[in-house]
Amino acid sequence: MIKNNRYWSCYIIFKCILFQMFFQFELFAPPVLEKTRRFQEGDILPYVESANFSETETEWWGKVEPGRSELESRWNSEVDAEIQTLVDTETGSDILNSNEEYKEAFRAELNLQKEAAQSQWLSDITQFIQQKLTEFLNLKSQEKEAVVDEKKSDLIGSINPIVEKITQEVLAKPGIKAC
């Protein structure tokens, strides 16, 4: 009977330790970051609209790239501040890790969330900028075609009077007859 009680006592203690371990690890799941918002087209649109008045692709990029960099920097600052706030207020620990070790693991998990969201954000903004650049280049191509067509028409129109004048001068000379 004593052996049986000892067995059950050890079993219950073991179960309590396991429960405590799983309970602590369950608390480790960090919250979802709120500042990792997706790319919004309206954020970069003022830069793109301003760039659309450019004459060249280089000039266009010169107006869009600073805006993209500013938006990315702002996004990173907001998310980093949220991560720091969450880590600073974290008081958790478990039977294997001190509070500082727990905070570092917590920070690492939050940084993984940030990296995944940032990758998506960068992909979205790059795709949007490429689409707007293609539209800009198509518009510039159409404008240049129109200018070429206009110059061609002007050139053709300016050739006819010159040819006509030369022809009249040649025909006005004595001894030359028109066919």
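## Overall architecture

The model is a predicted one, and the values reported below are computed from its atoms. Of the 179 residues in the chain, buried residues make up 22%.

Among the contacts in the chain with a separation of 6 or more, residues 24 or more positions apart account for 72%.

A pair of aromatic rings is described by the distance of the centres and the angle of the planes. The count for this model comes to 5 aromatic pairs. One of these pairs is formed by phenylalanine 39 and tryptophan 121, whose rings lie 6.2 Å centre to centre with 85° between the planes, and this pair is edge-to-face because angles over 60 degrees are counted in that class. The pair links distant parts of the chain, since phenylalanine 39 belongs to the loop between α1 (2-27) and α2 (41-51), while tryptophan 121 belongs to helix α4 (residues 99-172), 82 residues apart. Both phenylalanine 39 and tryptophan 121 are buried.

Phenylalanine 39 also pairs with phenylalanine 128: the ring centres are 5.7 Å apart and the planes stand at 55°, so this pair is tilted. This pair, too, links distant parts of the chain, with phenylalanine 39 in the loop between α1 and α2 and phenylalanine 128 in helix α4, 89 residues apart. Phenylalanine 128 is buried, as is phenylalanine 39.

Which residues of α2 are buried? They are Ile44, Val48 and Ala51, and because they cover an arc of only 50° around the axis, they are placed on the same side of α2.

The axes of α2 and helix α3 (residues 57-89) come within 8 Å and cross at roughly 165°. Angles over 145 degrees count as roughly antiparallel, and α2 and α3 are therefore roughly antiparallel to each other. The crossing in which α2 passes α3 is right-handed.

On the α2 side, the residues that meet α3 are Asp43, Ile44, Tyr47, Val48, Ser50 and Ala51, so that Ile44, Val48 and Ala51, the buried residues of α2, are included in this set. Their counterparts in α3 are Trp60, Lys63, Val64, Gly67, Arg68, Glu70 and Leu71.

Leucine 133 has its place in helix α4. Is leucine 133 buried or exposed? Its relative accessible area is 5%, and leucine 133 is buried because the limit for that class is under 20%. Once its neighbours within four places in sequence are left aside, leucine 133 is in contact with Glu57, Trp60 and Trp61. The C-alpha atoms of leucine 133 and glutamate 57 are separated by 8.0 Å, although the two residues are 76 residues apart along the chain. Trp60, one of the residues in contact with leucine 133, is also among the α3 residues that meet α2.

Lysine 103 is likewise found in helix α4, and with a relative accessible area of 14% lysine 103 is buried. Leaving aside the neighbours within four places in sequence, its contacts are with Val87, Asp88 and Glu90. Lysine 103 and glutamate 90 are 13 residues apart in sequence, and their C-alpha atoms are 6.7 Å apart in space.

## Threonine 91 in the loop between α3 and α4

Where does threonine 91 lie? Threonine 91 lies in the loop between α3 and α4. Its relative accessible area is 68%, and threonine 91 is exposed because values over 50% fall in that class. From C-alpha to C-alpha, threonine 91 and tyrosine 102 are 8.6 Å apart in space, and 11 residues apart in sequence.

Key
Residues numbered from 1 in each chain as written. Predicted model: local features only at pLDDT ≥ 70, side-chain atom pairs only at ≥ 80, totals over all residues. Heavy atoms only, no water. Phe/Tyr/Trp six-rings, centres within 6.5 Å; stacked < 30°, edge-to-face > 60°. Helix = DSSP H or I, 4+ residues; strand = E, 2+ residues; numbered from the N terminus. Buried < 20%, exposed > 50% of the residue type's maximum accessible area, 1.4 Å probe, protein only. Arc of directions from axis to C-beta. Axes fitted to C-alpha atoms, helices over the stretch in contact; angles between N-to-C directions. Parallel < 35°, antiparallel > 145°, perpendicular 65-115°, else oblique. Left-handed = near helix turned anticlockwise from the far one by under 90°. Contact = heavy atoms within 4.5 Å.
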